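Here is a short briefing for a reader who is new to this structure. Please keep the sequence and the model in view while reading.

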Amino acid sequence: MVQPRWYRYVGPADLRDEAVAVNAVVLDAPATLDGWLGSQGREERNEPFTFVIALDGMLRLGPRRSEHVALASGQDVLAAGELRFAPDGAGRCVVEVTNQSTGYCPDPDCWPAVGVALDLLGVRHPGEFTAKLVFRRCPACGERNIVRDGDFTCALCDSALPKLWNFIPN
Ligand SMILES: [Zn+2]
């Protein structure tokens with residue numbers, strides 16, 4: 001098994017500094033998830049939520065507009081993205097889950113941390129990200145890029161982007 005990678009926040013510092021007060025729910029038991037989803041409006045419940053997997057391995061959820069760094073209280077994470085639930089018998093299952101977080105730019109390889117956290121909650125899930133984003137930092141200008149259609153070119157300065165994930169924490 002590959003040692004899990006930790007992701008450091010790589011977004012703008014002002015977001016990190018102003019976002020520490022968001023009320024994220026820490027999901028450590030199936031009942032916590034049921035309770036939290038029950039407290040959301042009918043519309044919100046079926047919208048994607050922002051999530052992070054904190055270093056303790058627990059899933060933290062917040063409304064979609066939440067910054068990942070706020071959910072993580074500014075800390076490193078094992079994974080980050082968005083996920084959406086759908087009704088599944090008496091409960092809920094995850095029908096969409098992505099690594100979409102421009103704050104942490106996680107590699108799709110972070111999936112195992114997500115799968116383990118969802119398994120812990122007894123929530124059925126697709127077994128992998130339903131959409132995988134490829135993040136690269138431009139070595140020339142520092143811009144955070146999302147690689148689309150295999151085009152490894154910086155959107156800002158046209159420099160070539162590396163083939164391997166390169167947001168290496170210090
Ligand atoms: Zn660039």
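Arginine 84 is partly exposed, with a relative accessibility of 24%. Buried means under 20% relative accessible area, exposed means over 50%, and partly exposed lies in between, using a 1.4 Å probe and protein chains only. The model is predicted: local features need pLDDT of at least 70, side-chain atom pairs count only at pLDDT 80 or more, and totals for chains, interfaces and linings use all residues. Residues are numbered from 1 along each chain as its sequence is written, and side-chain values use heavy atoms, with hydrogens and water left out.

**Around arginine 84**
- Arginine 84 sits in strand β4. Helices (H or I, at least four residues) and strands (E, at least two) are DSSP runs, numbered from the N terminus.
- Arginine 84 contacts Asn46, Glu47, Pro48, Cys93, Val94, Val95 and Glu96, leaving aside neighbours within four places in sequence. Contact means heavy atoms within 4.5 Å.
- Arginine 84 and valine 97 are 13 residues apart along the chain, and 6.5 Å separates their C-alpha atoms.

**Overall build**
- The protein chain has 5 helices and 7 strands.
- From the N terminus on, the order of elements is α-β-α-α-β-β-α-β-β-α-β-β.
- The radius of gyration is 16 Å, close to the 15 Å from the globule rule for 170 residues, so the protein chain is as compact as a globular protein of that length. This radius is taken over C-alpha atoms, and the rule is 2.2 Å times the number of residues to the power 0.38.
- Along the principal axes, the C-alpha atoms of the protein chain fill a box of roughly 50 × 35 × 35 Å.
- Of the 170 residues, 42% count as buried.
- Among contacts between residues at least 6 apart in sequence, 58% join residues at least 24 apart.

**Nonpolar cores**
- The largest nonpolar core has 40 residues. Such a core is a set of buried Ala, Val, Leu, Ile, Met, Phe, Trp, Tyr and Cys residues joined through side-chain atoms within 4.5 Å.
- Phe51, Ile53, Leu59, Leu61, Phe85 and Val114 have the most contacts inside this core.
- At least two core residues come from each of β1 (25-27), α2 (30-39), β2 (49-54), β3 (59-62), α4 (68-71), β4 (77-88), β5 (91-98) and α5 (111-120).
- Strand β4 gives the most to this core, with 6 residues.
- A second, separate core has 5 residues, including Val147, Phe152, Cys154 and Leu161.
- Isoleucine 53 touches Met58, Leu59, Val77, Leu78, Ala79, Ala113, Val114 and Ala117, not counting residues up to four places away in sequence.
- In soluble globular proteins, nonpolar side chains tend to be buried together.

**Helix α5**
- Buried residues in α5 are Trp111, Ala113, Val114, Gly115, Ala117 and Leu118.
- Their cover includes β2, β3, β4 and β5.
- Glycine 122 follows α5 and has a positive phi, near 70°.

- Cysteine 105 lies in the loop between β5 and α5. Its phi is positive, near 45°, though cysteine 105 is not a glycine.
- Cysteine 105 is buried, with a relative accessible area of 1%.
- Aspartate 158 lies in the segment after β7 (144-147). Its phi is also positive, about 70°, and aspartate 158 is not a glycine.
- Aspartate 158 is exposed, at 60% relative accessibility.
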